Amino acid sequence: MKTRVNILIASLLLVCSALMAQEKVVADSTGYIVKVGDMAPDFSMQLIDGKTVTLSELRGKVVMLQFTASWCGVCRKEMPFIEKDIWQKHRADDDFALFGIDRDEPLEKVKAFAKSTGVTYPLGLDPGADIFARYALRQSGITRNVLIDKTGRIVMLTRLYNPEEFAALVRKIDEMLSE
């Protein structure tokens, strides 16, 4: 009798686990599964220079994440603006960090991508798009920018490149760094 009860309990636990695993992730209309006000999901990534960065270790800084890839035409259009209007302006500010996160491409391709776009801000590797999948549905498109405040909360999410939205992102960064 005791064995049957144990089997029944184990079976119920498996069923509950399976049901919880099937819980759908809810995305917004642009594919984000995070929203403004959420704590930014933590991750570690390797940069193309070999250093490792962990998001939670950047608490106390304003952090901008740009999800990108060499095959993304919109990313290539946006990256020079990020370089000029954000990175060059704030790169020396110890309270700011910016990382391009390249979606599922090998190191040499990402290095060539950085060279071809002329960006000097740090680029990181995202094998399997696992970092991306913490922020948006894996099959969703890029370019995307995630702005995170000094406490680790998301304060702005962008999708694609829109000059007005990009200008608002620049203003928000400027405002957060002047506080």
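## Ground rules

We're looking at a predicted model, so local features need pLDDT of at least 70 and side-chain atom pairs count only at pLDDT 80 or more, while totals for chains, interfaces and linings use all residues. Residues are numbered from 1 along each chain as its sequence is written, and side-chain values use heavy atoms, with hydrogens and water left out.

## The sheet

Start with an open sheet of five strands, ordered β5-β4-β3-β6-β7 with mixed pairing. Strands here are DSSP runs of E, at least two residues, and helices are runs of H or I, at least four residues, numbered from the N terminus; two strands pair if DSSP finds at least two bridges between them. β5 and β7 sit at the edges, each pairing on one side only. From one strand to the next, the twist averages 20 degrees.

β3 and β6 run antiparallel and are joined by five bridges.

Touching, or contact, means heavy atoms within 4.5 Å. Axes are lines fitted to C-alpha atoms, for helices over the stretch in contact, and angles run from 0 to 180 degrees between N-to-C directions.

Now for α2 and α4: their axes come within 11 Å and cross at roughly 15 degrees. The two helices are therefore roughly parallel to each other (angles under 35 degrees count as such). Among the residues that meet are Phe-81, Ile-82 and Ile-86 from α2, and Phe-166, Leu-169 and Ile-173 from α4.

## The core

The largest nonpolar core has 52 residues, and those with the most contacts inside it include Met-64, Phe-67, Ile-86 and Phe-96. Such a core is a set of buried Ala, Val, Leu, Ile, Met, Phe, Trp, Tyr and Cys residues joined through side-chain atoms within 4.5 Å. α4 gives the largest share, six residues.

Leaving aside neighbours within four places in sequence, Ile-86 is in contact with residues including Met-64, Phe-96, Leu-98 and Val-170.

## Thr-158

Thr-158 lies in β7 (residues 154–159). Thr-158 is buried, with a relative accessible area of 3% (buried means under 20%, with a 1.4 Å probe and protein chains only). Not counting residues up to four places away in sequence, Thr-158 touches Tyr-32, Thr-143, Arg-144, Asn-145 and Glu-165.

Note on methods
Buried means under 20% relative accessible area, exposed over 50%, partly exposed in between (1.4 Å probe, protein chains only). Angles under 35 degrees count as roughly parallel, over 145 as roughly antiparallel, 65 to 115 as roughly perpendicular and the rest as oblique.
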